[in-house]
Amino acid sequence: MATRGKQARTQKPSDAPEEKARYHHGDLRQALVDAAVTLITEEGFGALTLREVARRAGVTHAAPYRHFADKEALLEAVAQQGFRAMAQEMRERMAKAPAGPLEQLSAAGVAYVLFAVRHPPHFRVMFGPHFTRPLQPDASDEGTNAFALLVRCIEAGQAAGVLRPGESRRLTLAAWSMVHGLASLFVDRQLQEAGQGAEAAEALAVVQTRLLLEGLTRPGPG
């Protein structure tokens with residue numbers, strides 16, 4: 001009896017049988033990320049702690065440390081999930097657009113704005129002041145690199161002779177600044193259209209990207 005009592009006292013909380021049964025397929029990490037997004041959505045960043053995330057995920061307070069060293073590491077996982085989803089939505093909209101480089105660039109910009117409108121918690125984590133080190137999508141991972149998609153659109157337009165010549169990164173930064181600024185205005189509800197849903201956001205994003213393209217289009221012979 002004493003031996004059994006000792007074993008019971010020394011068993012680690014993270015080894016609870018019900019917890020192992022729930023997450024033995026390796027989905028604990030994703031469950032914690034999902035819980036963090038829900039918490040941010042409902043209560044804001046001030047309420048985010050690993051302990052509260054664990055409670056919402058239905059696991060012990062020690063369980064998050066299997067995957068995340070601290071809150072910043074958890075937020076980084078949320079951000080990387082956002083980068084992957086954003087790039088995927090951009091590719092999907094580009095695939096449905098006409099094949100021309102201007103149409104592809106416009107589709108990428110509109111998708112960027114719509115991602116922010118539909119996923120504001122992810123967008124705020126991805127670009128917010130939550131990290132002690134610069135956070136960027138993995139440049140070697142095409143699935144997370146939305147900026148690389150914009151670069152390729154710009155370079156395709158330059159190669160086709162329809163966009164201004166010059167260093168492609170400078171033009172990409174101009175395009176990114178515009179769509180990111182518009183996305184941020186929607187997320188922060190600084191626009192009248194912000195309360196009118198995704199359809200209104202899409203319509204405004206289409207107009208703004210067209211204006212952007214007019215500025216990037218290569219001038220004709222004068």
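User: Why does Phe 83 count as buried?

Analyst: Phe 83 has 5% relative accessibility. Buried means under 20% relative accessible area, exposed means over 50%, and partly exposed lies in between (1.4 Å probe, protein chains only); Phe 83 therefore counts as buried. The model is predicted, so local features need pLDDT of at least 70, side-chain atom pairs count only at pLDDT 80 or more, and totals for chains, interfaces and linings use all residues. Residues are numbered from 1 along each chain as its sequence is written, and side-chain values use heavy atoms, without hydrogens and water.

User: Why does Phe 127 count as partly exposed?

Analyst: Phe 127 has 32% relative accessibility, so Phe 127 counts as partly exposed.

User: What makes Phe 83 and Phe 127 an aromatic pair, and of which kind?

Analyst: Across the whole structure, 4 aromatic pairs are found. Rings of Phe, Tyr and Trp (its six-membered ring) pair if their centres lie within 6.5 Å; planes under 30 degrees apart are stacked, over 60 edge-to-face, and the rest tilted. Phe 83 and Phe 127 are 5.8 Å apart, centre to centre, with 85° between the planes, and form an edge-to-face pair. Because Phe 83 lies in helix α5 (residues 71-96) and Phe 127 in helix α7 (residues 120-127), the pair ties together parts that are 44 residues apart in sequence. Helices are DSSP runs (H or I, at least four residues), as are strands (E, at least two), numbered from the N terminus.

User: Why is the pair of Tyr 112 and Phe 123 called edge-to-face?

Analyst: The ring centres of Tyr 112 and Phe 123 are 6.3 Å apart and the planes stand at 90°, so the pair is edge-to-face. Both Tyr 112 and Phe 123 are buried.
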